[in-house]
Amino acid sequence: MLKNYLKIAWRNLSKNKTYSIINITGLAIGLSCFLLIALYVTDELNFDRYNDKAARIYRINSDIRFGGGDLHLGVTSDMMGQLLKKDYPEVEEYTRIYTSGGSKMIKKDNEFIHEPAVAHVDSTFFNVFTLPSIKGDTKTALNEPNTVVITRSAAIKYFGSTDVLNKTIETDDNNKTVYKITAVIKDIPENSHFHFDFLFSMKNVNYQWGQLTSHNFYTYLLLKKGTDYKAFEKHFSKYTTDYVLPEAKQFMHINSMEEFSKAGNKLEYTMMPLTKIHLYSDRSFELSPGGNIQYIYIFSAVALFILIIACINFMNLTTARSANRAREVGIRKVLGTERKELITQFLFESVVMVIISLVIAIVINYFVLPAFNEVSGKKMSLGSLFSPYILPLLIALPFLVGLMAGSYPAFYLSAFRPIEVLKGKLRLGSKSGGLRSVLVVFQFATSVILIISTIVVYRQLNYIQNKKLGFNKDQVLVLDGTYALGDNINAFKNEVLQMPGVLDGTVSAYLPVANSSRNDNTYSKEAVMDSKSGIDMQTWRVDYDYIKTMGMEMAAGRNFSKEFGADSNAVIINETTAGFLGYKDPVGHSIYTFGNNNKIVPFNIIGVVKNFNFESLRKNIGPLCFRLGKSTYSISFKVNAAGIHSLIPQIQSKWKAMAPGLPFSYRFLDDSFTEMYSNEQRIGKLALLFSVLAILIACLGLFGLATFIAEQRTKEIGIRKVLGSSVSGVVMLLSKDFLKLVLIAFVMAAPAAWWFMHKWLEDFAYRINIGWWIFLVAGTIALSIAVLTVCFQAIKAAVANPVKSLRTE
């Protein structure tokens, strides 16, 4: 029986080549998109799941509000983990990651190399996270100071081998500390929320330990089996009262955390499961750019819709051509074939077609996966299709899609009455198109939603790139690692300023882009700080030329000046801070903060800088102030774009002369700004890609239907032409019904698209408005594509010689 089904299926595929090609092509493209998105979604959902104890690992997050300044951090104090382990038996282990500075210079062959993927971690790090060792014992590797664990890639890069135990590396920290390599681990998996090549001992961190109100450490807890983390979170309020409050009382008048909260402030700690960090966390100072669970939902829906569109093509073309198989059904029923056997036959044909399409889809993905990886920022391989997560889906896909696409045609065709069929009374095809019309509407409605979404995403990205930010990000050359110049840093800056094409320069690592230095401090309007007078704000250490180099503008007062010696105790605030302070003119007033030994120090406000966006445009501008101070990690130069290519070699030559053996590292500020939105840019490209493919699949189906309708009405067209109908009249006759369906699809899709994109834009504090013209453009695109698709076949039928279609009559 199976052999017979296979023969019939192959005969029908061979007999109707055009429709078979359209069906298989549409299904193959749909399945290819579905599998690509499945790979992407699976990779995103499996972040950090390589850890054996992933289900019991949690990161502690901090949420702080003080005087209107909000901080959402993924870090805590250095003491929190050990205090929680001491007080609560539910904590099996804790570990910390410290990344202050963000990078190190490591010596190789008498030259230093800039390494950004470095961190200091506790000796318990490998008890919490699963990072298999190649050489050495990770359980004891970081027990002592001056020890380091490196990855396989780092070992190969610096020594050409993984056999490096007890060898040493020299760094630029703490007077060129030499670290002994005590273990080599496998490279940290790509789907991890942190990526380090060098893990140094925490005992080498130069830090003022025991500050419970200072948050600089990523703290992870490994809870014992059976512990409910939500229930454990309730202990944090007691931790705050027992440990944080006594320290806070040393520098501000506060009696209880209740009093602190009633004044509109907040200090809350929460726990985030390790496996949710990548997709659900968007906090300041994340260890790596995160994903977004919303995009997972969106792309999962897109994958499903594209597959449904491909299935609709199959259903439409199969039911449209039902008349061609009606006689076969009638004869087989007369000969005694039961309906269930016919249903089985038709479903079998559907499954066979899906299997062929699936094989083609896998071949397509083999060639397009590298390009897809480039767009999506992934490193996926085709072998991932056969992973435990996707292989079951891959096996089930032909049967699921075969049933979904073939069920309606199977039941529809098998229901024909043999007497009506054999007497020629059955008239199908274009006359029984109610369901086909609904399905075409669904196809194009989905396509219109994707078109509108793509336009909105690209407009928002364009808005971000062109918005006035309050500073000038263009033609700003940033040199990193300049602290290595030591006392020569200002001399180097002055030498570069003498070069043609260099306009201004500033020494500061505090830049208005992500992954730059940040520091928040608490200030007060009054000399005595309490829970009502305090305000938490970013405090940036800059030099005299910072505001000018960054193209910022003063709203009131003046910039720092060497002519005023008292500026060492002066401060420039932004407009947000001025609003919180409430002064009509804040210039001349003082704000207070804590200096050494927790003594109150006054700072005179000498100016107000106009607000500028120093974080993502997803966030509102928070309170910030500038103070004169050293921050030597970076030097920024405002340069002339015309001579930039000749200027960089000149600066590099000067660097080599003043910092021999140290790496020369540079970037442009606008590139760093763009990187802040790399995730949105990838999403925009993927949305565009899948929009095009969805429209292509929908048009394949529309083309097939138009071809069939033209065939069904060949004699009618011939008669109309003989009676004087024009080509344009015939084209309109064949096209108008399809175009009506596309218009209906647009009317249905527009409100849904507006709602979806309105919700997406809500994540941005600064966003575009969704103008009416976006819907007009999307509708025009969809209608134009449909017109071209249908009219091609309609014109072909309209210009055909009517004699050929009528000669058989």
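Two strands count as paired here if DSSP finds at least two bridges between them. Helices (H or I, at least four residues) and strands (E, at least two) are DSSP runs, numbered from the N terminus. Before you start clicking, note that this is a predicted model, in which local features need pLDDT of at least 70 and side-chain atom pairs count only at pLDDT 80 or more, while totals for chains, interfaces and linings use all residues. Residues are numbered from 1 along each chain as its sequence is written, and side-chain values use heavy atoms, with hydrogens and water left out.

Stop 1: Select residues 104-108 and 111-115, which are strands E4 and E5. The two run antiparallel and are joined by 5 bridges. Find lysine 104, which stands opposite glutamate 115 in E5. Now look at the turn: 2 residues lie between the strands of this hairpin, and aspartate 109 there has a positive phi of about 50 degrees.

**Stop 2: the whole chain.** Zoom out to 25 helices and 24 strands. Of the 809 residues, 53% are buried, meaning under 20% relative accessible area with a 1.4 Å probe, protein chains only (exposed is over 50%, partly exposed in between). Taking contact as heavy atoms within 4.5 Å, 79% of the contacts between residues at least 6 apart in sequence join residues at least 24 apart.

**Stop 3: a bent helix.** Select helix H7, residues 236-248. Where is its kink? The kink, about 30 degrees, lies at aspartate 242, shortly before proline 246; the bend is the angle between axes fitted to the seven residues ending there and the seven starting there. Buried residues of H7 include Phe236, Tyr239 and Tyr243. Show the partners that the buried residues pack against, among them strand E1 (57-66), helix H3 (80-87) and helix H8 (257-262).

**Stop 4: the cores.** A nonpolar core is a set of buried Ala, Val, Leu, Ile, Met, Phe, Trp, Tyr and Cys residues joined through side-chain atoms within 4.5 Å. The largest has 115 residues, and those with the most contacts inside it include Phe444, Trp540 and Phe690. Helix H2 (residues 17-45) gives the most to this core, with 14 residues. A second, separate core of 62 residues includes Ile57, Leu71, Leu212 and Ile277.

Return to phenylalanine 444: leaving aside neighbours within four places in sequence, its contacts include Ala698, Leu702 and Val742.

**Stop 5: a threonine.** Finish in helix H18 (residues 575-581), the place of threonine 576. Is threonine 576 buried or exposed? Threonine 576 is buried, with a relative accessible area of 15%.
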